[in-house]
Amino acid sequence: MDEKLAADWVRRWDIQQERYVADREERFAVLIDVVEHVCRDVADPLVLDLGCGPGSLAKRLAGRLPRARVIGIDNDPFLLALARATRPRQADIEYLQADLAERGWLKWRPVDAAVSTTALHWLRPERLAEVYRDLAGALREGGALVNGDHLYDERPAIRELAEVVKNRRAARAGVDANEEWKAWWAAAAADPALRERFTADELRGISTGYGNRLSPQEHTRLLQEAGFAEVSPVWQSGDDYVLAALR
């Protein structure tokens, strides 16, 4: 795929993602802070990026941890093509197609860290519990899973307040009118340059259409049951969290 074409679409992807997470760069930075800390004594760490999309987080990880091997995993062929076409030439990043909703996706061990951003909420709770068990078995002692995602407090009034804070933060940042997720996919499907390279099915986006809307408390319970020793949010903005789970 043409690198310039891919870079334009990744840039547009990042802009539409900011509509939903106005503090996206800070969330990325916090995720990588945790990975950098747990890998501080590892010469060549192995880091998995779950639901990597077009590689926005993977590229930032490789930039901060140049000796790391980063493996991005996603099930969407178009997003993976964008990631591969814009992969930094000096970075050790590999992108693989695999479905987290299916068993058998995890083929590496030991893993030093695993990250995900705005992806795991698409898994049904029972499947997410299995993914957490898979990761608990693959991560080395002292390794971590770091998940940046929309988490919804169990208390209705607090949940509502978090939504208000999130929306007002987006308005102050000037991103509340950014392109929506569905509009991004519709524009990709209509782009003649992309239609020459991808099928209509590949340009419609793979999504379960399901958001599990789990709370931080429910994620914590699932992670502890899976075998993680310590679990806690390390960053929050409205209903956007970075949740760290340590082995």
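Reader: Where is the place of D49?

Author: D49 sits in strand β1, a strand being a DSSP run of E with at least two residues, numbered from the N terminus. This is a predicted model, in which local features need pLDDT of at least 70, side-chain atom pairs count only at pLDDT 80 or more, and totals for chains, interfaces and linings use all residues. Residues are numbered from 1 along each chain as its sequence is written, and side-chain values use heavy atoms, leaving out hydrogens and water.

Reader: Why is D49 said to have no salt bridge?

Author: A salt bridge needs a side-chain nitrogen of Lys or Arg within 4 Å of a carboxyl oxygen of Asp or Glu. For D49, the nearest side chain of opposite charge, K59, is 8.7 Å away, so D49 has no salt bridge.

Reader: Good! Which residues is D49 in contact with, leaving aside neighbours within four places in sequence?

Author: They are L57, A58, I71, G72, I73, V115 and S116, where contact means heavy atoms within 4.5 Å.

Reader: How far apart are the C-alpha atoms of R155 and K166?

Author: They are separated by 16 Å, with the two residues 11 apart along the chain.

How values were computed:
Helices (H or I, at least four residues) and strands (E, at least two) are DSSP runs, numbered from the N terminus. Buried means under 20% relative accessible area, exposed over 50%, partly exposed in between (1.4 Å probe, protein chains only). Lys and Arg count as positive and Asp and Glu as negative; His and the chain ends are not counted.
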